[in-house]
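Student: I would like to learn how to read a structure like the one shown here. Could you take me through it step by step?

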Amino acid sequence: MAILIKLVEREVPPYMFVAIPVIAFLLAFAIGAILMMWAGVNPLLGYSAFLRGSLGTPAAVIDSLVRMTPFLLMATGIAFSNRVGVLNIGAEGQYIIGAITTTWVTLALQQVVSPGLSITASIVLAIIMGGLWAAFAGVLKAYLGINEIVTTVIMNWLAFKLLQWLLRGPLKSPTAQMWPMSPPLTATLPYIIPGAGLHAGFLIAVAVAVMAYYLLFRTNFGFKFRVTGANPEVATYAGYDVRKFVLFSIAFSGALAGLAGAGEVLGVFHFLYEGIAVGLGYTAIIVALVGKNHPLAIIPSAFMFGVIYNGVVYLQSATGLTYTFSKAIEGLIYLFVLLSEVFVLYRVKVIKVGE
Amino acid sequence: MIVLEQMASSVINLGIAMATPLALASLGEVYSERAGMINLGIEGIMLMGAFLGFHFTYVTGNLLVGYLMGIAVGLALGLLLAFMTVTLRVNQVIAGMGIYFFGFGLSDFLYKTLYGKEYVTIHKSIQIPIPGLSGIPVLGEGLFRQYPMVYLSYVLIPLMWYLLYNSRWGLWLRSVGENPKAADTMGVNVFRVKYLALMLGSSLAGLAGAFLCLGITGVFFENLTFGMGFIAIGLVYFGKWDPLRAWAGTLIFGFTWSISTTLQEFFIKAGYPGMTYFLLMLPYIAVIVALIAVSRGARAPKFLGIPYSRE
């Protein structure tokens, strides 16, 4: 006797699509509570510190908005490449390249030209360099058929080694003591609310997500792009150049990751060090998955991950639990999104066949 | 002359050792992909294998227990991935990334929770010379004074290459990747073959991760696989889905790594410590170059990545 499992698609009201990530988050946090208990931490205590630090006060919410900014940019870009079947795992490296470029350009310009010009030039160049860095993997994918997952992962390593070298060479601050870092940057992004840490990069990120939505759903280009993603064969038949869309998607996601790197350096850190590369680019892949590759849905998704990143800092200081709790939670969220999607969208039938 | 000979043997020795975790992982990936299943989770499985291998070796003091735990976690994660992709028909690439994030996050969380406050090392696996063979000039010290896991790869890879092409099981496996419908008609249980192929591939990845920690680093740290799981996938493409060719690809990485780290010492002595960072890029660049070199003419199993349903 064998068991066959059949998936039958079912009519799903639109609001259920919101239920999928909600179920996934709840399940992941439930398992998170078990992990906390195993680590000897009272989950109620842990989660209340987590919520206080990430959503409890206006200042906490603002911190979460600051944290969501790079996620929003990178996930919006990744959504574009996901839609044409390109899995860009290289956001981390493209982000590092953006951060490096911005630092380098700002150090060269901040004494010479007005802050406004220095900021603009450094951000534009970060976008270009992030895009070019990613485009290399895109060319290999589109024209030689080389798996982009492998090349983008490798290029993350290369970008990180480049960062390490620059911080000990050309970008080294002569006064750096504890760890290698660049000289301070003075031509930095203005704050939206003075003294609250919310920098102009946040508004840029939201504007980019909205513009990405228009590009994808309200333009002729976006229509062709979505057709290509949904069915490359139809797109080829219609005379679209699929390879150009593939190349565009990865260069575009690299450009946004480069912008995210510029935003973090000019908005948050105001100098460059190895600590900028903490895996935000990997998390952005999960952000895009939760947001169903839709630029507007990615906004709340990015906010949730900003909350997680912000919350675990308070969780750690209140209970001593390691901040890597956020990474365990992220992995669980990813798996639960996949599983709850199946169980929400399909009726899973177990059939026994044969005797 | 003797200095040069010693250097050559040590480059070979390290190159083979560094290639071994990759070789085990890409052997597993060849088997999975030949059954039509992409396993993108091997990086995460390697990390879990490395952590559990480390943890259980530390607790029990027995390397064998560590290796077995690496295999066990591979089997478990392979089963989970098979359930998602074969039974629930979730997109293989997306599900594999889920396994990656799960293993990546959980291994780091478990390590920091259990060992976060101290720096813990274990008694690493030791290299054992094979009597006679290790006496061969230059090559002997490089190839036959190795870790037991390296010897296992010497036996396992040719054996599994042979079985893939010359056994009934190998034929079933390949037919499931090439034409699952026909295989099903011939009485092959397609679902079972896919489950077993993923679990076999994942257990080899778990073992590879355990060896990386127990044989090479001797400590666990965040993301200690250096992207090797993804590189193993790349080398399957390089190897055109053949275990022996993929093995050759892993040697390219291993030897570039070992030459780079040897040169590193020279540059540091010569007063150019900055070169270290460029040298550590070389093995990764070598993989990209290798992939470009063979990019034309590779043919994947016909039903790679396509879920099978019996309609």
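Tutor: Gladly; we will go from confidence to overall shape, then to the interface, a helix and the core.

Student: What should I check before anything else?

Tutor: Start with where the coordinates come from. This is a predicted model, and it scores ipTM 0.92 and pTM 0.94. For chain B the mean pLDDT is 92, and 99% of its residues reach 70 or more.

Student: How many helices and strands does chain B have?

Tutor: Chain B has 13 helices and 2 strands. Its radius of gyration is 20 Å, close to the 19 Å that the globule rule gives for 311 residues, so chain B is as compact as a globular protein of that length. Its C-alpha atoms fill a box of roughly 65 × 45 × 40 Å along the principal axes.

Student: And what does the secondary structure of chain A come to?

Tutor: Chain A comes to 13 helices and 2 strands. A compact globule of 355 residues would have a radius of gyration near 20 Å, and the 22 Å of chain A agrees with that. The C-alpha trace of chain A spans about 80 × 60 × 35 Å along its principal axes.

Student: Now the interface: how many residues of chain B are in contact with chain A?

Tutor: In general, the size of an interface is often given as the accessible area lost when the parts come together. Here we can count residues instead: 40 residues of chain B are in contact with 36 residues of chain A. The elements giving two or more residues to the chain B side include helix 3 (63-87), helix 4 (92-115) and helix 10 (228-238) of chain B. Helix 4 of chain B gives the most, with 14 residues. By type, the chain B side divides into 27 nonpolar, 9 polar and 4 charged residues.

Student: How can I check the length of a helix, say helix 3 of chain B?

Tutor: Compare the expected span with the distance between its ends. At 1.5 Å a residue, the 25 residues of helix 3 of chain B should span 36 Å, and its end C-alpha atoms are 35 Å apart, which agrees. After this helix comes B:Arg89, whose phi is positive, near 55°.

Student: Which residues have the most contacts inside the largest nonpolar core?

Tutor: They are A:Met74, A:Ala75 and A:Ile333, in a core of 211 residues. The largest share of this core, 17 residues, comes from helix 9 (residues 190-217) of chain B. Beyond four places in sequence, the residues that A:Met74 touches include A:Ala91, A:Tyr95, A:Leu256 and A:Leu280.

Terms used:
Residues numbered from 1 in each chain as written. Chains lettered and ligands numbered in written order. Predicted model: local features only at pLDDT ≥ 70, side-chain atom pairs only at ≥ 80, totals over all residues. Helix = DSSP H or I, 4+ residues; strand = E, 2+ residues; numbered from the N terminus. Rg over C-alpha atoms; globule rule 2.2 N^0.38 Å. Contact = placed C-beta atoms within 7 Å. Nonpolar A, V, L, I, M, F, W, Y, C, P; charged D, E, K, R; others polar. pLDDT = per-residue confidence, 0-100. Expected span 1.5 Å × (residues − 1). Core = buried A, V, L, I, M, F, W, Y, C linked by C-beta atoms within 7 Å. Buried ≥ 20, exposed ≤ 12 C-beta atoms within 10 Å, placed from the backbone.
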